[in-house]
Amino acid sequence: LLPSTARRSVSVICCGSVCNAAHALSAEDSLATFVKRPLTAHLTDTFRSYVCSRPCWPETCHLHPLEATHERIAIIEFSEKGQTLEGATGYGRNLPPRHSPEVASAGMAIAQVLSVLPVECAAAAAL
């Protein structure tokens with residue numbers, strides 16, 4: 001459990017768009033953001049089929065299904081307050097490690113995570 005001072009100083013913010021969510025993440029008191037988006041019936045069926053297929057993530061058969069790994073998450077680092085997603089650094093599968101002289105963009109990290117999804121699902125998630 002977080003100390004009481006930390007609980008008061010951070011927030012999870014629901015945003016109207018991915019751009020707004022990315023901007024909100026750069027706020028000092030933002031812990032996380034999310035965007036509610038309606039899906040078409042076809043896309044809902046596509047996501048449902050994907051989940052029902054019990055997908056197997058590459059090279060993770062020895063892990064718990066809900067364990068977070070670098071293949072399943074994108075870490076986005078904002079180096080300064082108010083920095084945009086375009087200026088942020090990304091870490092994840094097949095990307096340079098943190099503090100490497102070669103850096104990856106936040107977009108590249110997000111693309112790595114989306115690459116495990118079917119094309120239609122990845123395109124919808126990237127909107």
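His 99 counts as exposed, because its relative accessibility is 67% and exposed means over 50%. The model is predicted. His 99 lies in the loop between β4 (89–91) and β5 (104–105). Most residues other than glycine have a negative phi.

The loop between β4 and β5 also holds Arg 98. The side chains of Arg 98 and Glu 77 meet in a salt bridge, with an N to O distance of 2.5 Å. This pair links distant parts of the chain: Glu 77 sits in strand β3, and the two residues are 21 residues apart. Glu 77 has a relative accessible area of 23% and is therefore partly exposed.

The count of salt bridges comes to two. Asp 45 and Arg 48 also meet through their side chains in a salt bridge, at 2.9 Å from N to O. Both residues belong to helix α3 (residues 41–52); they are three residues apart, so about one helical turn separates them. Asp 45 is partly exposed, at 41% relative accessible area. Arg 48 is likewise partly exposed, at 47%. Side chains of opposite charge can pair when their charged atoms come close.

The largest pocket has a volume of about 590 Å³. Its lining comprises 19 residues, and the closest to the pocket centre are Val 18, Leu 25, Leu 85, Ile 110 and Ala 125. Several elements each supply at least two lining residues: α2 (18–25), β2, β3 (75–77), α4 (106–114) and α5 (119–126). The lining of the largest pocket divides into 17 nonpolar residues, one polar and one charged.

Helix α4 also contains Gln 112. Gln 112 has a relative accessibility of 22%, so it counts as partly exposed. The C-alpha atoms of Gln 112 and Leu 95 are separated by 8.5 Å, although the two residues are 17 residues apart along the chain.

Strand β2 (residues 30–35) includes Phe 34. With 37% relative accessibility, Phe 34 counts as partly exposed.

Conventions: Residues numbered from 1 in each chain as written. Predicted model: local features only at pLDDT ≥ 70, side-chain atom pairs only at ≥ 80, totals over all residues. Heavy atoms only, no water. Helix = DSSP H or I, 4+ residues; strand = E, 2+ residues; numbered from the N terminus. Buried < 20%, exposed > 50% of the residue type's maximum accessible area, 1.4 Å probe, protein only. 1 Å grid on protein atoms, 1.4 Å probe; cavity = no way out; pocket = protein on both sides within 12 Å on 5 of 7 lines; lining within 4 Å. Points joined across faces, edges and corners; volume = space filled by probe spheres on them. Nonpolar A, V, L, I, M, F, W, Y, C, P; charged D, E, K, R; others polar. Salt bridge = Lys/Arg side-chain N within 4 Å of Asp/Glu carboxyl O.
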